[in-house]
Amino acid sequence: QVQLVESGGGLVQAGGSLRLSCAASDGTIRTYAMGWFRQAPGQEREFVAGITWNGDSTIYADSVRGRFTISRDNAKKTLYLQMNSLKPEDTAVYSCVTCVGKRCTAVVLRGQGTQVTVSL
């Protein structure tokens, strides 16, 4: 079974940057759209960003548009999320998914997640 493993989370000060990676165990992910979700303590999981199977189209939540960039490298079987100008409200567990369509309304597979903490 395909597995998704996130990395790159950590503690950063407000205004800083982090780059998350999501490595897949095999190349079947190239047939799927992919995305990032996040969940803060006590809150619902929310969609952050999505990308089509070939990377030609992306979509972002209003809260991160202009600060975050999603990308993928199918040859490396890896999804990325570049996060700039981080805010304390970005603190959450970030997980990557394979999904149907870049809006990821139907999730196929989800990783375990990586913690991102943004301090003042």
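The model I looked at is predicted.

**Entry 1: cysteine 99 and its partner**

I looked up cysteine 99 against that cut-off. Its relative accessibility is 1%, so cysteine 99 counts as buried. I then asked which cysteine is joined to cysteine 99. A disulfide joins it to cysteine 104, with 2.0 Å from S to S. Cysteine 104 has 4% relative accessibility and therefore counts as buried.

**Entry 2: the other disulfide**

How many disulfides are there? I noted a count of two. A disulfide is a covalent bond between the sulfur atoms of two cysteines. Besides the bond of cysteine 99 and cysteine 104, I found one between cysteine 22 and cysteine 96, whose sulfur atoms are 1.9 Å apart. The torsion about this S-S bond, that of cysteine 22 and cysteine 96, is about 55°, so I wrote the disulfide down as right-handed. Cysteine 22 belongs to strand E3 (residues 18-24) and cysteine 96 to strand E9 (residues 92-100), so this pair ties together parts that are 74 residues apart in sequence. I checked burial here too. Cysteine 22 is at 1% relative accessibility and counts as buried; cysteine 96 is at 0% and counts as buried.

Cysteine 96 sent me to E9. Is E9 largely enclosed or largely open? Seven of its nine residues are buried, so E9 is largely enclosed by the rest of the structure. I went through its strand partners one at a time.

- E4 pairs with E9 in the antiparallel sense over seven bridges. I picked out glycine 35, whose bridge partner in E9 is valine 97.
- Strand E10 (residues 106-110) pairs with E9 over four bridges, in the antiparallel sense. Here threonine 98 has leucine 109 in E10 as its bridge partner.
- Strand E11 (residues 114-119) is joined to E9 by three bridges, and the two run antiparallel. In E11, threonine 114 stands opposite tyrosine 94.

I also looked at the turn between E9 and E10. The two strands form a hairpin with five residues between them, and glycine 101 in the turn has a positive phi of about 80°.

**Entry 3: phenylalanine 37**

Next I searched for aromatic pairs and found one in the structure. The pair is phenylalanine 37 with phenylalanine 47; their ring centres are 5.5 Å apart and their planes 75° apart, which is edge-to-face. Phenylalanine 37 lies in strand E4 (residues 33-39) and phenylalanine 47 in strand E5 (residues 46-51), so the pair ties together parts ten residues apart in sequence. Is phenylalanine 37 buried or exposed? At 9% relative accessibility, phenylalanine 37 counts as buried.

**Entry 4: charges over rings**

What sits over the ring of phenylalanine 37? I found the charged end of arginine 110 there, 5.1 Å from the ring centre. Arginine 19 also has its charged end over a ring, that of tyrosine 80, at 4.0 Å from the centre.

**Entry 5: what I would keep**

I kept E9 as the point where my notes meet. Cysteine 96 of E9 is bonded to cysteine 22 of E3, and E9 pairs with E4, with E10 and with E11.

Notes:
Residues are numbered from 1 along each chain as its sequence is written. This is a predicted model: local features need pLDDT of at least 70, side-chain atom pairs count only at pLDDT 80 or more; totals for chains, interfaces and linings use all residues. Side-chain values use heavy atoms; hydrogens and water are left out. Rings of Phe, Tyr and Trp (its six-membered ring) pair if their centres lie within 6.5 Å; planes under 30 degrees apart count as stacked, over 60 as edge-to-face and the rest as tilted. Buried means under 20% relative accessible area, exposed over 50%, partly exposed in between (1.4 Å probe, protein chains only). A charge sits over a ring if NZ of Lys or CZ of Arg is within 6 Å of the ring centre and within 35 degrees of the ring normal. A disulfide is a pair of cysteine sulfur atoms within 2.5 Å. Two strands pair if DSSP finds at least two bridges between them.
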